[in-house]
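Me: I would like to go through this model by question and answer. Keep it brisk, please.

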Amino acid sequence: MNKADPILTFEAVHKRYGSVMALDGVNLSIRRGEVVCLIGPSGSGKSTLLRCANALDVLDSGRIVFEGNEVRSSEATVRHVRRRMGMVFQNFELFPHLTVLRNVTIGPTTVLGMRRAAAEGRAMALLSKVGLSEKAAVYPSALSGGQQQRVAIARALAMEPALMLFDEPTSALDPETIGEVLSVMKVLADEGMTMLVVTHEMDFARRVADHVAVFDKGRVIEEGSPKEVFENAMVPRTRDFLSHLGWHGETTIPTAASTREVS
Ligand SMILES: Nc1ncnc2c1ncn2[C@@H]1O[C@H](COP(=O)(O)OP(=O)(O)OP(=O)(O)O)[C@@H](O)[C@H]1O
Ligand SMILES: [Mg+2]
């Protein structure tokens, strides 16, 4: 398959919860190697979109196509999606009763059938990549939020996913640990990982995204390059949203280094 082919496509996706139209006709494509950031107000449907992509929730109408296969609620799809899509949640969702190392090896050993020694080798390399090799033997409760989230990223990467989904990965973190998680995500992006990232970190979206989609009321109201969206939004609702977040075209999110200085 060509690198420019979409890996994940949403076509006229609708999803309703009771009277709430959570997704109201979403069309969006993510190409291989691309970082797409989804931004938009609370309740606009961003998490619902990721959950539908990941087969955690079922559409009412429309289509989601991942690696050429329509995502349905069949066992085969769920297996395919779980193997090929990594998901990182706001609240880490690590297994509390397993060590950091086991959290990272459990997917490869149980789902991929990898030998434990090989899985541990891969896990140690990934823990080193996220800067946590010395924490392999501890339990998640002994880690800061930022460290737990980095373990969650290593755990997802251990499955060698074709696509990583992130749902506000830093919004439950103390400000001083946000930067370390964003740095790991930037490294992944620079290495060519395909990523769909829901985030309120506008500086990250501006610097790292190839493409930004703005959500409002279950729809993509605007999309384009970071420059187009952040510097030249065409839709008034996008400009309102950005200015509500305090975005005036300059860096608003402290870097890891500057946060350390103030704390
Ligand atoms: N399981 C559910 N049952 C009922 N309503 C739901 C459910 N999940 C989401 N909704 C509703 O669907 C809409 C979209 O929710 P969603 O969580 O996707 O928004 P979001 O953009 O991720 O918001 P946030 O930025 O606060 O995380 C909201 O009105 C929400 O209340
Ligand atoms: Mg959400």
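**Helices, ligand and backbone**

Me: Which residues of helix 9 (residues 236-244) are buried?
Reply: This is a predicted model. Buried here means under 20% relative accessible area. In helix 9, the residues that count as buried are T238, F241 and L242.

Me: What arc do they cover around the axis of helix 9?
Reply: T238, F241 and L242 are the buried residues. They sit on the same side of helix 9, because the arc they cover around the axis is only 95°.

Me: Which elements do the buried residues of helix 9 pack against?
Reply: Both strands and helices take part. The strands are strand 3 (35-39), strand 9 (211-216) and strand 10 (219-224). The helices are helix 7 (202-208) and helix 8 (226-231).

Me: Which residue just after helix 9 takes a positive phi?
Reply: Helix 9 covers residues 236-244. Just after it, phi is positive, at about 85°, in G246.

Me: How far apart are the end C-alpha atoms of helix 4 (residues 116-129)?
Reply: Helix 4 has 14 residues. At 1.5 Å a residue, it should span 20 Å. The model agrees, with the end C-alpha atoms 20 Å apart.

Me: Which helices do the buried residues of helix 4 pack against?
Reply: A119, A123, L126 and L127 are the buried residues. Their packing partners are helix 3 (100-110) and helix 5 (145-157).

Me: Is N103 buried or exposed?
Reply: N103 has its place in helix 3. Its contacts, leaving aside neighbours within four places in sequence, are L94, F95, L98, P140, V151 and R155. The relative accessible area of N103 is 0%, so N103 is buried.

Me: Which element supplies the largest share of the shell around ligand 1?
Reply: Strand 2 (20-31) and helix 1 (46-53) each supply at least two residues of this shell. The largest share is four residues, and it comes from helix 1.

Me: Which residues come nearest to ligand 1?
Reply: There are 14 residues around ligand 1. Of these, the ones that come nearest are S42, G43, K46, S47 and T48.

Me: Is A12 buried or partly exposed?
Reply: A12 lies in strand 1 (residues 6-17). Its phi is near 50°, a positive value in a residue other than glycine. The relative accessibility of A12 is 36%, so A12 counts as partly exposed.

Me: Is A55 buried or exposed?
Reply: A55 lies in the loop between helix 1 and strand 4 (61-66). Phi of A55 is positive, near 60°, in a residue other than glycine. The relative accessible area of A55 is 18%, so A55 is buried.

Methods
Residues are numbered from 1 along each chain as its sequence is written. Chains are lettered from A and ligands numbered from 1 in the order in which they are written. This is a predicted model: local features need pLDDT of at least 70, side-chain atom pairs count only at pLDDT 80 or more; totals for chains, interfaces and linings use all residues. Side-chain values use heavy atoms; hydrogens and water are left out. The expected span of a helix is 1.5 Å times one less than its number of residues. Buried means under 20% relative accessible area, exposed over 50%, partly exposed in between (1.4 Å probe, protein chains only). Contact means heavy atoms within 4.5 Å. A residue is near a molecule or strand if one of its heavy atoms lies within 4 Å of it. The arc is that of the directions from the helix axis to the C-beta atoms.
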